[in-house]
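Here is a friendly briefing to read alongside the model. Please keep the sequence and the 3D view open as you go.

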Amino acid sequence: VMTIASKVGYIRWSENDLDMKVDPKKILQGDQLAGGRLIRLLEEDAPEGIAGFKAILSRTGNAFILGITGPPGSGKSTLVAHMIAEFRRRDLKVGVVAVDPSSPLSGGAFLGDRLRMRQHTEDDGVFIRSMATRGHLGGLSRTTREAVMVLDAMGYDVVIIETVGVGQDEVEIADFAHTTAIVSIPGLGDDIQAMKAGLLEIGDVFIVNKAERQGADEEVARLRGMLEMGTIPEDGWKPPVLKTVAVKGEGIAELVDAFWRHRQYQMDSGQFKAHNSEQTFRFVRSLVMEMAADKIFANAKDSAAYQTLLKNLNKRKIDPFTAAEKLIKGLPNKKVK
């Protein structure tokens with residue numbers, strides 16, 4: 001029996017559940033059990049999952065995708081829990097994909113921080129899903145994109161992606177989300193200024209959480225100063241710097257207002273639709289690269305020419321670039337020189 005996390009609690013599945021067919025109608029109606037099953041099937045690369053995913057794609061592209069990243073200990077999960085409550089007060093349905101570092105033993109996600117969101121587990125307008133990175137670089141799980149699109153098709157108005165961010169590895173979330181929020185806290189010291197400089201390039205909204213601590217105003221001033229010295233964003237948006245005290249729910253309404261202003265800014269400028277189109281292209285491109293690589297190696301692995309190429313590569317008789325070029329062109333039947 002396998003256990004997956006859905007809505008912060010645990011849903012137990014038998015292995016036979018992975019063989020069950022996906023019902024696209026239930027997913028489009030917002031059925032959380034059906035949606036969770038589809039995400040699980042996609043994580044397992046099951047054919048039923050891909051078929052179900054294809055059936056719901058026409059209903060995607062409407063959700064507002066919000067990325068939240070920042071260093072461990074910055075209070076992101078508590079912040080997200082209060083953001084969910086604020087979005088719900090505004091009668092918006094919220095989906096959350098919480099991406100965690102993989103457990104080195106099981107490969108599964110660490111779920112401790114998700115327990116801070118358990119206050120929303122009985123709300124049918126909220127769906128929270130934890131996913132493991134499983135070694136995938138960039139801060140996102142390999143199937144994060146698919147999970148977000150499933151939640152989009154299920155009718156969630158806002159889909160929040162929360163990651164553990166430590167620097168420029170988090171560029172991927174900025175490419176994927178409509179709005180990227182960078183969370184920091186006072187007192188982290190000058191040794192992370194280089195990290196902040198990298199994050200300045202990807203943030204649309206900056207949050208100084210735990211603002212009741214000494215040095216919060218200085219941190220806000222420092223971030224605003226760094227933003228002023230930076231290059232003007234191509235889209236013309238000037239990122240705000242806001243203070244929050246997540247444990248007390250302070251500053252959350254103002255933060256959600258800032259997110260919605262950025263969303264409206266993108267809608268008015270046409271960037272929202274342009275972003276969705278770009279993400280669709282990137283999705284197709286990544287699939288083509290993955291499928292092409294699988295096909296190339298599957299066709300080549302049993303050939304004598306491929307084995308010769310590997311030997312020559314290991315002996316440094318051929319360089320990786322040349323080896324890749326030969327594989328792409330198709331290995332000849334004769335011996336590779």
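Ring pairs join Phe64, Phe87 and Trp260 into a cluster; rings of Phe, Tyr and Trp (its six-membered ring) pair if their centres lie within 6.5 Å, and planes under 30 degrees apart count as stacked, over 60 as edge-to-face and the rest as tilted. This is a predicted model, in which local features need pLDDT of at least 70, side-chain atom pairs count only at pLDDT 80 or more, and totals for chains, interfaces and linings use all residues. Residues are numbered from 1 along each chain as its sequence is written, and side-chain values use heavy atoms, with hydrogens and water left out.

**Overall picture**

- The protein has 12 helices and 9 strands, where helices (H or I, at least four residues) and strands (E, at least two) are DSSP runs numbered from the N terminus.
- Of its 337 residues, 49% count as buried; buried means under 20% relative accessible area, exposed over 50%, and partly exposed in between (1.4 Å probe, protein chains only).
- The accessible surface comes to about 17600 Å², and 53% of that belongs to carbon and sulfur atoms; these areas come from the Shrake-Rupley method with a 1.4 Å probe, and for residues only the protein chains shown count as cover.
- Among contacts (heavy atoms within 4.5 Å) between residues at least 6 apart in sequence, 74% join residues at least 24 apart.

**Ring pairs and charges over rings**

- A search of the whole structure finds 6 aromatic pairs.
- One of them is edge-to-face: phenylalanine 53 and phenylalanine 283 lie 6.1 Å centre to centre, with 75° between the planes.
- This pair links distant parts of the chain, as phenylalanine 53 belongs to helix H3 (residues 47–56) and phenylalanine 283 to helix H10 (residues 271–300), 230 residues apart.
- Phenylalanine 53 counts as buried because its relative accessibility is 7%, and phenylalanine 283 is buried too, with a relative accessible area of 11%.
- Phenylalanine 127 and tyrosine 156 have ring centres 6.4 Å apart and planes at 50°, so this pair is tilted.
- Phenylalanine 127 lies in strand S5 (residues 126–132) and tyrosine 156 in the loop between helix H5 (144–153) and strand S6 (158–163), so the pair ties together parts 29 residues apart in sequence.
- Both phenylalanine 127 and tyrosine 156 are buried.
- Lysine 93 lies over the face of tyrosine 156, at 4.8 Å from the ring centre; a charge sits over a ring if NZ of Lys or CZ of Arg is within 6 Å of the ring centre and within 35 degrees of the ring normal.
- Arginine 263 is placed over the face of phenylalanine 272, at 5.8 Å from the ring centre.

- Strand S3 is largely enclosed by the rest of the structure, because 6 of its 6 residues are buried.
- Phe64, Leu66 and Ile68 on one side of S3, and Ile65, Gly67 and Thr69 on the other, are all buried.
- S3 pairs with S6 in the parallel sense over 5 bridges, and two strands pair if DSSP finds at least two bridges between them.
- Leucine 66 has isoleucine 160 as its bridge partner in S6 and threonine 179 as its bridge partner in S7.
- Strand S3 (residues 64–69) also pairs with S7 in the parallel sense, over 4 bridges, and threonine 69 stands opposite isoleucine 182 in S7.
- Strand S7 (residues 179–184) is mostly covered, with 6 of its 6 residues buried.
- From S7, Thr179, Ala181 and Val183 point one way and Thr180, Ile182 and Ser184 the other.
- S7 pairs with strand S8 (residues 205–208) in the parallel sense over 4 bridges, with isoleucine 207 in S8 as the bridge partner of valine 183.

- H5 is mostly covered, with 10 of its 10 residues buried.
- Just after H5, glycine 155 takes a positive phi of about 100°.
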